[in-house]
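These are my notebook entries on a structure that I looked through piece by piece. I wrote down what I looked up and what I found each time.

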Amino acid sequence: MANVWNWQLNRSMTYEYAESRPETQVSAVFDINKCIGCQTCTMACKTTWTSGKGQEYMFWNSVETKPWGSYPMGWDVRILDKAGPAAWDEVTSPPTFRGKTIFEKAPEGDRVEGWLPQDMDWAYPNRGEDETNGPIDDSLHHLAIPQAIWNFYLARICMHCTYPACVAACPRKAIYKRKEDGIVLIDQERCRGYRECVRACPYKRVMYNHVTRVSEKCIFCYPAVEKGIQPRCMRNCIGKIRIVGYVHPPDRADPENPIDYLVHTTKVALPLYPQLGLEPNMFYIPPIHVGAEFLRQMFGPRADHAVQVYKNMHENPGSNPTLRAVLLLCVSTDKILGKFKLIGSEAVGYDVNGTEVVRVPLQEPTYTRDFQDPAIGVTRHNIT
Amino acid sequence: MPIRARSVLAAVFVLALALTGLQVLGLAPPVASAGTQLLSAGVQGALPATDPASSLWDDATPMTLPLSAQMAVLPMRTTPSTPSVEVRSLNNGTHIAFRITWADATKDNRTTLLQQFRDTVAIQVGDSAALPYLCMGGAGVRMNILQWKADWQADLEEGFHDLQDAFPNFWVDYYPYAIGGPPYEVPDAFPENASQYLVGYTVGNPFSQPLKVTAVEDAVAYGYFTITTQEHQDAIGRGVWSDGVWSVVISRRLDTGDPQDTPISRNNVLAFAVWDGSAGDRGSRKSTTTWVPLLVIAPRSTEIDLVPLIILLVFAIPILAVLLRARKGEPEPPKPQPPEGKRP
């Protein structure tokens with residue numbers, strides 16, 4: 001076991017291997033406030049990667065309705081139950097995690113605390129879809145934020161963690177994290193189907209193929225990423241909730257990097273269940289209408305701050321134009337952004353080579369047309 | 001009557017001569033075993049290479065080996081899932097077979113479902129001249145592992161256990177590029193482009209091959225977790241589960257000629273490992289024996305190998321001659337003298 005630094009916990013922790021950060025680390029920010037649960041990302045992934053025999057149940061990308069939905073069934077509550085309550089020391093800045101990670105909590109004989117799902121656990125990709133957190137009565141709950149009755153959509157892919165539990169658990173070292181971009185892959189030649197990774201991954205993003213009898217997982221569409229193109233689930237996002245790029249540790253954060261800006265500069269994007277200790281590299285902007293307690297459980301002690309920043313931007317559109325600029329660049333291009341700038345009233349995105357690839361106005365121009373157009377003899381339904 | 005030293009020497013010599021002669025003829029083991037060695041009994045003709053029920057196994061000396069939980073590396077078992085195995089071995093001078101028997105209440109010969117793990121038994125073949133560490137050898141030390149897998153055998157004997165076998169109500173309309181119709185049997189319905197969606201199969205992972213060639217994986221390892229299927233497969237075997245007992249035969253040539261295999265001759269040591277699928281055993285979660293010396297007894301042969309006999313005689317004749325000459329040169333005991341007065 002080695003001691004490694006986990007910036008999301010603000011402390012060192014034990015891990016199977018020594019700290020070895022990749023040269024770059026792929027990442028994405030999911031703005032939950034914008035997700036409409038359409039599952040277009042799910043199908044984009046499904047039709048690309050998991051339409052083979054033996055992969056029927058697999059959704060490397062899935063969207064579940066919170067608080068009840070989960071895929072596989074109860075993935076979050078089961079690992080939270082094993083991990084126990086998260087203990088954050090909020091006196092320090094940033095807050096320090098004082099509890100035990102799933103590596104530090106490994107039971108005797110295991111490398112990681114975990115649980116192995118059964119086939120039936122995967123049989124309901126989104127049970128509880130669109131259900132609210134509580135029964136709806138006659139009250140007008142929607143008038144206040146956070147709302148008393150709420151739900152939200154949680155889109156999930158592999159976190160391509162800095163300290164992947166799957167990598168730690170695989171006794172054969174058949175899983176590896178690519179040095180060039182931090183993508184975590186399973187060597188399909190080397191895997192012997194032990195399913196230690198399926199048991200270990202707390203996010204349950206490793207899946208067992210019924211036909212090839214080895215395990216498979218999200219590959220972050222690495223063939224596209226190698227060409228500077230976003231993964232399928234990202235570029236097909238109807239709600240434009242996702243922004244793809246590369247994240248740095250806080251001490252190397254670049255405020256012109258869109259991911260770093262959201263994660264480190266504004267701290268509006270947060271890791272999911274950071275207390276598990278994997279330093280996941282997919283980040284979420286918490287939904288502002290949801291109860292603070294639930295958000296703190298999911299995203300850690302900074303959830304309140306993130307909600308406040310986002311609300312401020314919404315309520316005072318002119319207050320944080322740079323944050324608006326970044327968020328407007330979400331899925332505005334299929335290129336992976338390396339940098340962004342706010343130039344005048346336009347958000348400008350640059351690819352990893354510094355070439356401008358997209359330009360989006362902060363305020364879309366509005367055109368109003370007449371209902372009747374005598375020139376071509378039509379009556380319009382939509383005039384703006 | 002006092003026993004003279006020379007008589008004892010002669011008796012020992014004659015006994016040794018007889019024993020050596022019997023060994024040369026294949027009628028006696030080279031050394032006596034006190035239950036610390038696994039004896040591979042020599043038999044003439046074909047071995048029961050895939051038949052654990054053969055009566056030939058009655059000729060082999062059973063050896064019961066206790067199993068310990070693998071607790072050297074993580075992940076591990078904390079208690080053994082199987083307490084012991086009984087091992088017998090036969091050889092016919094060119095091939096060797098092992099029959100391993102152990103109690104297992106459940107027959108776990110499927111790995112199609114996520115929660116299914118296979119029953120497995122493995123023999124690790126080492127060389128006592130360079131005794132490696134028990135688990136998969138070590139860096140630079142090659143270990144030859146013969147691993148029988150219950151699901152591989154089931155695929156061989158019953159056909160590939162496909163998705164529709166595990167999920168009888170399963171239905172699918174379409175797989176990309178697959179030919180034919182539902183349920184699109186593996187592998188026939190997945191040629192060329194369609195096979196790209198069965199990644200483990202396409203890249204040649206032995207565990208992903210629907211058409212198995214043997215139930216025994218002939219593998220090589222150079223330390224923990226390095227087990228790798230060999231390019232050339234040299235072992236066969238078959239197991240039978242009945243009334244809560246697995247009986248599995250694993251067999252191969254004594255010397256396969258494959259440089260990745262450890263030849264089996266006079267100085268081998270073996271270790272055995274058992275995985276109980278229903279106990280969640282897989283990989284390093286297993287129960288193992290310690291190293292066991294293997295003693296291969298040559299089968300009785302109708303043709304006598306003259307070379308050892310000649311060597312024996314070359315040494316024995318001069319020794320016998322010396323003994324006889326010594327006996328001739330010995331002074332005769334004094335003859336009894338007649339009593340006085342009776343002299344003729």
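**Chain B as a whole.** I began by counting the elements of chain B, and found 6 helices and 14 strands. I then looked up burial, and noted that buried residues make up 37% of the 344 residues in chain B. Turning to the contacts in chain B with a separation of 6 or more, I noted that 63% of them are between residues 24 or more positions apart.

**Confidence.** I reminded myself that this is a predicted model, and so I looked up the scores that come with the prediction. Chain B has an average pLDDT of 86, with 77% of its residues scoring at least 70, while the complex as a whole is given an ipTM of 0.92 and a pTM of 0.89 by the predictor.

**Where the chains touch.** I next looked up the contact between the two chains, to which chain B gives 31 residues and chain A gives 31 residues. On the side of chain B that touches chain A, the elements that give two or more residues are helix 3 (163–166) and helix 5 (199–202) of chain B, and helix 5 gives the most, with 3 residues. Sorting this side of chain B by class, I noted 19 nonpolar, 10 polar and 2 charged residues.

**Helix 2 of chain A.** Which residues are buried in helix 2 (residues 75–83) of chain A? I found A:W75, A:D76, A:I79 and A:A83 to be buried there. Seen down the axis of helix 2 of chain A, these buried residues fall within an arc of 90°, so they line one face of the helix. The face of helix 2 turned away from that buried side carries the exposed residues A:V77 and A:D81. Just after this helix, I noted that A:G84 takes a positive phi of about 80°.

**Helices 8 and 9 of chain A.** Two packed helices are described by the angle between their axes and the distance between the axes. The contact is made by A:A292, A:L295, A:R296 and A:F299 from helix 8, together with A:A303, A:D304 and A:V307 from helix 9. By class, the residues of this contact divide into 5 nonpolar, no polar and 2 charged.

**Two loop residues of chain A.** I looked up A:T24, which sits in the loop between strand 2 (11–15) and strand 3 (26–31) of chain A, and which is partly exposed, with 17 other C-beta atoms within 10 Å. A:T24 and A:V247 are 223 residues apart in sequence, yet their C-alpha atoms are 7.5 Å apart in space. A:E16 is also found in the loop between strand 2 and strand 3 of chain A, and counts as partly exposed with 19 C-beta neighbours inside 10 Å. Leaving aside neighbours within four places in sequence, A:E16 is in contact with A:M1, A:R111 and A:A168.

Definitions and conventions:
Residues are numbered from 1 along each chain as its sequence is written. Chains are lettered from A and ligands numbered from 1 in the order in which they are written. This is a predicted model: local features need pLDDT of at least 70, side-chain atom pairs count only at pLDDT 80 or more; totals for chains, interfaces and linings use all residues. Helices (H or I, at least four residues) and strands (E, at least two) are DSSP runs, numbered from the N terminus. A residue is buried if 20 or more other C-beta atoms lie within 10 Å of its own, exposed if 12 or fewer, and partly exposed in between; C-beta atoms are placed from the backbone. Two residues are in contact if their C-beta atoms, placed from the backbone, lie within 7 Å. pLDDT is the predictor's confidence in each residue, from 0 to 100. The arc is that of the directions from the helix axis to the C-beta atoms. Ala, Val, Leu, Ile, Met, Phe, Trp, Tyr, Cys and Pro count as nonpolar, Asp, Glu, Lys and Arg as charged, and the others, Gly among them, as polar.
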